[in-house]
There are 2 protein chains.
Amino acid sequence: MLKEINIGMIGFGVVGQGFAEILQRKRDELSKKYGIPIKICGIFDPVKGQIFEKKGIDLKKTLDAVGRGRKIQEVVKGISDIDEDYLIKNEKINLIVEVTPTNLKTGEPGYSHIKKALQNGKHVITTNKGPIALYYKELRKLADKKGVCLKFEGTVLSGTPAIQFALNELAGCEIKEIRGIVNGTTNYILTKMASGLSYEEALKEAQEKGYAETNPEADVEGYDAQAKALILANVILGSSLKPVDVERIGITKITFDEVNKARAAGKKYKLIVRVIKGEKGITASVKPELVDSTDPLFHVDGVINGLIFSTDHLGEVFIKGPGAGKIETGQAILHDLCSILESVKK
Amino acid sequence: MLKEINIGMIGFGVVGQGFAEILQRKRDELSKKYGIPIKICGIFDPVKGQIFEKKGIDLKKTLDAVGRGRKIQEVVKGISDIDEDYLIKNEKINLIVEVTPTNLKTGEPGYSHIKKALQNGKHVITTNKGPIALYYKELRKLADKKGVCLKFEGTVLSGTPAIQFALNELAGCEIKEIRGIVNGTTNYILTKMASGLSYEEALKEAQEKGYAETNPEADVEGYDAQAKALILANVILGSSLKPVDVERIGITKITFDEVNKARAAGKKYKLIVRVIKGEKGITASVKPELVDSTDPLFHVDGVINGLIFSTDHLGEVFIKGPGAGKIETGQAILHDLCSILESVKK
């Protein structure tokens, strides 16, 4: 049983701020529900600044400072001469929230942060896809050895239940296939193309709305979906797939004509992730597929995501919800925090 | 930490047999996963028979016997001179699975079984709607006082995640509304009516397929959905509603003409459960509503069920899956068993 949760945050971008915002709102309620005080004691972000205060950081002031473009340490009281290692090694901190930008090729710097945090006996929550897609088995083994939690609900479908959903709520079932839409950017573009825009027009609109990056490669070429396919396969189905094992085709080759033909036939193109437990083991792929209106994924439009779990006892179970967003991904961290609170309160 | 799980089953109808069937298949795998041996040590059913064997009942023989219309005690080795109280009070048994027929008016006999089992310090899993719809608060308080688990995933949407889904996987969110289709029989009838059958024809077909009872009142008048609305409201949103608080309108007054008009307008009638957290507290209702194709519930057809959770952090999260069935409801019990195993293994 833990007496208190003292969080150190590495990274304080959109997702980190989203988490801080909702934690600030819900902290008293959650502390009361689980009977454990919750504090953020430290933040380190190379751009937004850093601070450590063992009594807990003033989150309102922190969010205000960042919102006004000030460095955190200029506004918030505490020790400011710190780096990420200070938080990872600090005795007061027992939970590291790792939310640095993801790197799908190396997993860094998240991978090193998470590894060091686990080695130092800290619980870890992350929304960082790279480290989990590339190094899940190693990190899970380390967490188990150290007797700490490693949670990462936000790596797939943001706060919409997906990973713990499969592990906890489908427990007892054999999952034979996971199929779905896990990338909001490409789904937005394909939805817009289905309503008459060209690829270039749809991409431009996605960029203007903040759904797509200036360099959209990770989304439109399927790298983001590939990382999520790896997470679903390795975490839920227990495989040891690597990126090279996951067939990956993006959406950039789909033409205006093809989309129109599909529409005329009552179909839609969707970028589909598919993880299959077959006779030859687990296989995974990401590619555009045509779906018709009898498929639940036909009705997953815009930035919304959806997953179908095919199981032995329940047939198909379908879940749909947001796949990205500041508060939505912050919620994934809050969910993981609740799950840790539930397990440590005993 | 428990050294073993020894189950006593009260009731051995379709759902009980479904659970026994899948437990038999998955037992070794689950015992290994959680590191705890799992046995069914006793069964009592007023029709199918009864047996107690502290070393564990031979499930294959039991299922074969029941399948061939034999009384369990005629075929399976063990002590046969027992009743439900024997199982509830037996020191060897630490988990009671209560799956007797539901009574939505009194909750009996399930209510008394569950209460006595909790009083005797046994964990309880049930799929029996009556006791949970009518006496949740009292039973929860008793379970907490005795430090045992009370699980009932199968009371809503059978094994499709709904209750623990909301409590565990949406933890951190405020749920503002739950809206959905929770009765497969009426949804099957309405789906068939939408494809051209009259109410009488659709009901007859549902009865022939085993989806509707000879006396279909509990389904078509909305009593079953009302009980589920109560469970959603009282368990997930923490209210203390009683049946009289839940507005209830069934599907029997929907005419052929109304269904045709709806179809011409691109709409469908669905029997909708709605639980709302409003300024005046929690309200709940069951009534037919017209939905259009932009509503996820429009695409929930036949005996499938679906729920939309409206939340502060995630907006709408939608889940769809089977709502009834032998194996599907057996899976709900297996899920609850996994959840207990997870919590007692520590």
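Student: In which strand of chain A is A:Ile10 found?

Tutor: This is a predicted model, in which local features need pLDDT of at least 70, side-chain atom pairs count only at pLDDT 80 or more, and totals for chains, interfaces and linings use all residues. Residues are numbered from 1 along each chain as its sequence is written, and chains are lettered from A and ligands numbered from 1 in the order in which they are written. Strands are DSSP runs of E, at least two residues, numbered from the N terminus. A:Ile10 lies in residues 5-10 of chain A, strand β1.

Student: Is A:Ile10 buried or exposed?

Tutor: A residue is buried if 20 or more other C-beta atoms, placed from the backbone, lie within 10 Å of its own, exposed if 12 or fewer, and partly exposed in between. A:Ile10 has 30 such atoms within 10 Å, so A:Ile10 is buried.

Student: How do the axes of α5(B) and α6(B) cross, roughly parallel or roughly antiparallel?

Tutor: Axes are lines fitted to C-alpha atoms, for helices over the stretch in contact, with angles from 0 to 180 degrees between N-to-C directions. Helices α5 (residues 110-119) and α6 (residues 129-146) of chain B have axes that come within 10 Å and cross at roughly 5°. Angles under 35 degrees count as roughly parallel, over 145 as roughly antiparallel, 65 to 115 as roughly perpendicular and the rest as oblique. Therefore α5(B) and α6(B) are roughly parallel.

Student: Which residues does B:Ala229 contact, leaving aside its neighbours within four places in sequence?

Tutor: Contact requires C-beta atoms, placed from the backbone, within 7 Å. With those neighbours left aside, the partners of B:Ala229 are B:Val246, B:Val273, B:Val275, B:Ala284 and B:Val286.

Student: What are the partners of A:Ile10, again leaving aside neighbours within four places in sequence?

Tutor: The C-alpha atom of A:Ile276, 266 residues away in sequence, is 35 Å from that of A:Ile10. The contacts of A:Ile10 are with A:Phe44, A:Glu84, A:Leu87, A:Ile96, A:Glu98, A:Thr100 and A:His113.

How values were computed:
Helices (H or I, at least four residues) and strands (E, at least two) are DSSP runs, numbered from the N terminus. Two residues are in contact if their C-beta atoms, placed from the backbone, lie within 7 Å.
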